[in-house]
Amino acid sequence: MPSIKLPVFDKSGKEVGTYAVDPSVIASRISAQLLHDAVIMYRTNLRQGSAATKSRSEVAGHKKKMYRQKGTGNARAGHIRSGVRRGGGHIFAKKARDWSYRLPRKALQVATRMAVASKITNSKLTLIDALSADAPKTKDAAAIIKALAIQGSVLVAVESYDVNLYKSFRNIEGVRILPVAEINAYEVLKPKRLLMTKAAIEKFVASVPEKAAKN
């Protein structure tokens, strides 16, 4: 696949240059199955697993049979804790559990590269020359998003963690900011667009192993 020249914009939305990148260098192919598996894993790991209900052995109430088996004209019944009665225990009680699991580390790394490559090939990646902030200002961050004509949700990937940038973007609805070293397939695929600084994409491309094309 030939290299794609991506326009590089400044904070005002003016094009100030281009950046050539070959998606096949980042990921030789895009596996929908691997991306699906990675997203399911990340979403599953977000589950709290704290849902719990009481079984018939845990609810309050005596264990004595409510009335004799025969001769009352009523249907036979056990004790008041029975799951078929109001206030009784759940028949199939839920218990807290850990839902988390992990795919192989190299598979997740490949999935991240595939996610970024898919954003490039689908023209969902926007490059900006640099991002900086002397102080937390959400108004300035929102102005940058507007100047770049980015609509909908977006992941902002920067070269390294900057507390002022983080505080500037975190209050904007649908916007998430992360250092490029911490992005994963789910974080990349979840928003509609990906906004990266030039330094961030250079760092990401430099981190791709030489044999990534074989993955």
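The dialogue below turns to helices, cores, salt bridges, backbone angles and a surface patch.

Author: The model is predicted, so local features are given only at pLDDT of at least 70 and side-chain atom pairs only at pLDDT 80 or more, whereas totals for chains, interfaces and linings use all residues. Residues are numbered from 1 along each chain as its sequence is written, and side-chain values use heavy atoms, with hydrogens and water left out.

Reader: Which residues of α2 are buried?

Author: Buried means under 20% relative accessible area, exposed over 50%, and partly exposed in between (1.4 Å probe, protein chains only). In α2 the buried residues are L34, L35, A38, V39, M41, Y42 and T44. An α-helix has 3.6 residues a turn, so residues three or four places apart point the same way. The cover over the buried residues of α2 includes α3 and α6 (185-189), contact being counted for heavy atoms within 4.5 Å.

Reader: Why is α3 described as largely enclosed by the rest of the structure?

Author: Because twelve of its 17 residues are buried, α3 is largely enclosed by the rest of the structure. Among these buried residues are L108, V110, M114, V116 and I120, and also R113 and K119. The C-alpha atoms of A107 and A199 are separated by 25 Å, the two residues being 92 residues apart along the chain.

Reader: How is a nonpolar core defined, and which residues of the largest one touch the most other members?

Author: A nonpolar core is a set of buried Ala, Val, Leu, Ile, Met, Phe, Trp, Tyr and Cys residues joined through side-chain atoms within 4.5 Å. The largest core has 35 residues, and L125, L127, I183, V188, L194, M196 and F204 touch the most other members. Helix α3 gives the most to this core, with eight residues. If residues up to four places away in sequence are not counted, M196 touches L125, T126, L127, I128, A157, V180, I201 and F204. Another core, of 16 residues, lies apart from the largest one and includes L131, I150, V158 and F169.

Reader: How many salt bridges does the structure hold?

Author: A salt bridge is a side-chain nitrogen of Lys or Arg within 4 Å of a carboxyl oxygen of Asp or Glu. The structure holds two salt bridges. In one of them, the side chains of E58 and K95 meet at 2.7 Å, N to O. Both E58 and K95 lie in the loop between α2 and α3, so the pair ties together parts that are 37 residues apart in sequence. E58 counts as partly exposed at 40% relative accessibility, and K95 counts as partly exposed at 42%.

Reader: Where do the partners of the pair R176 and E187 lie?

Author: R176 is in strand β5 (residues 175-179) and E187 in helix α6, eleven residues apart, and the pair links distant parts of the chain. Their side chains meet at 3.0 Å, N to O. R176 counts as partly exposed at 42% relative accessibility, whereas E187 is buried, with a relative accessible area of 15%.

Reader: Which residue with a positive phi follows α3?

Author: Helix α3 is followed by S123, whose phi is near 55°, a positive value in a residue other than glycine. S123 is found in the loop between α3 and β3 (125-128) and is exposed, with a relative accessible area of 55%. A149 also has a positive phi, of about 55°, although it is not a glycine. A149 lies in the loop between α4 (138-147) and β4 (154-158) and is exposed, with a relative accessible area of 60%.

Reader: Which residues form the nonpolar patch on the surface?

Author: Patches are made of residues with over 30% relative accessible area and no salt bridge, where like charges are joined within 9 Å and nonpolar side chains (Val, Leu, Ile, Met, Phe, Trp, Tyr) within 5 Å. Accessible areas come from the Shrake-Rupley method with a 1.4 Å probe, and for residues only the protein chains shown count as cover. V84, I91 and F92 form the nonpolar patch, with about 420 Å² of accessible area together. V84 is found in the loop between α2 and α3 and counts as exposed at 70% relative accessibility.

Key. Helix = DSSP H or I, 4+ residues; strand = E, 2+ residues; numbered from the N terminus.
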